[in-house]
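Let's take a walk through this model, piece by piece.

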Amino acid sequence: SSYNVGITINWARSAIEERNTIAPINHLKLVNKSNLLSGLIFSGTSKNDPLYGKWKDNHMPFSFSDSFDNHEINSLLNFKNVSQTLSCIDVNRIDYLGVKLLSMPIDNFDLDKRVGINFEAISALDKILTM
C-alpha cells in the first residue's frame, strides 16, 4: 500500500501467449478486477506473415488500410480488434496508452516509413477513441 504499482498490458504479448486476439481483452479484464491497470501498449503480431513471422513479437504495425500508407495487411491489429480492446477499459483511468511498432525489414532503414507507421497508429487510436 506504500507504492503506486500498476500493470501494463502489451496487446501482442497477450495475443501471442494464447495465440488469439481475445487474450488481450481477457488479460485487461483480469487486471481491471484488481484495479491495477496502469497502461496499454498496442504492438502487433500475425498468424503468419513473410516479414513479421508467425505469432512473433516483432512489433507489427496496424493493418488499417483506409487512408494509411504504412499498414501491414496480415497484422491482427485491425480496426475490429483494437476497437474491442479499447471498449473494455476506461482510457481515462490509465496512466498511458502507447504503441510499440517496427518497420520491417530491419536492414532497409526508411525514416519516412518509420515515422509514418507511428503517426498512422496514433491517428488510428485517436479516431477510435473519438467515435
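First, some housekeeping. This is a predicted model, so local features need pLDDT of at least 70 and side-chain atom pairs count only at pLDDT 80 or more, while totals for chains, interfaces and linings use all residues. Residues are numbered from 1 along each chain as its sequence is written, and side-chain values use heavy atoms, with hydrogens and water left out.

Start with the sheet. Helices (H or I, at least four residues) and strands (E, at least two) are DSSP runs, numbered from the N terminus. Here 3 strands make an open sheet in the order E1-E2-E3, with parallel pairing. Two strands pair if DSSP finds at least two bridges between them. Strands E1 (7–10) and E3 (96–99) sit at the edges, each pairing on one side only. From one strand to the next, the twist averages 20 degrees. As background, strands of a sheet pair through backbone hydrogen bonds, either parallel or antiparallel.

Now look at how the strands line up. E1 and E2 pair in the parallel sense over 4 bridges, and Ile7 stands opposite Leu37 in E2.

How many residues of E2 are buried? It's 6 of the 6, so E2 is largely enclosed by the rest of the structure. Buried means under 20% relative accessible area, exposed means over 50%, and partly exposed is in between (1.4 Å probe, protein chains only).

Contact means heavy atoms within 4.5 Å.

Helix H2 (residues 23–33) has its own buried set: Ala23, Pro24, Ile25, His27, Leu28 and Val31. What covers the buried residues of H2? The cover includes E1, helix H1 (11–18), E2 and H3. Just past H2, Asn35 takes a positive phi of about 60 degrees.

Next, the loops. Most residues other than glycine have a negative phi, and most peptide bonds are trans. Arg19, in the loop between H1 and H2, is not a glycine, yet its phi is positive at about 50 degrees. Thr21 lies in that H1–H2 loop too. Is Thr21 buried or exposed? Thr21 is buried because its relative accessible area is 19%. Leaving aside residues up to four places away in sequence, Thr21 touches Trp11, Leu76 and Asn81.

Trp55 is in the loop between E2 and H3, and this non-glycine residue has a positive phi of about 50 degrees. With a relative accessible area of 11%, Trp55 counts as buried. Further along, a cis peptide bond joins Met104 and Pro105, with omega about 0 degrees; Pro105 belongs to the loop between E3 and H4.

Thr130 is in the segment after helix H4 (111–129). Thr130 is exposed, with a relative accessible area of 59%. Its C-alpha atom is separated by 21 Å from that of Lys100, 30 residues apart along the chain.

On a 1 Å grid over the protein atoms alone, a cavity is a set of points where a 1.4 Å probe fits but cannot get out, and a pocket is an open set with protein on both sides within 12 Å along at least five of seven lines; lining residues have an atom within 4 Å of a point. Grid points are joined across faces, edges and corners, and a volume is the space filled by probe spheres set on the points.

The largest pocket holds about 150 Å³ of space. Its lining is Asn32, Asn35, Leu36, Leu37, Ile89, Asp90, Arg93 and Ile94. The structure also holds 1 cavity of 30 Å³ or more, and the largest cavity has about 40 Å³ of space. Among the residues lining the largest cavity are Phe62, Phe64, Phe68, His71 and Glu120.

Notes. Axes are lines fitted to C-alpha atoms, for helices over the stretch in contact, and angles run from 0 to 180 degrees between N-to-C directions.
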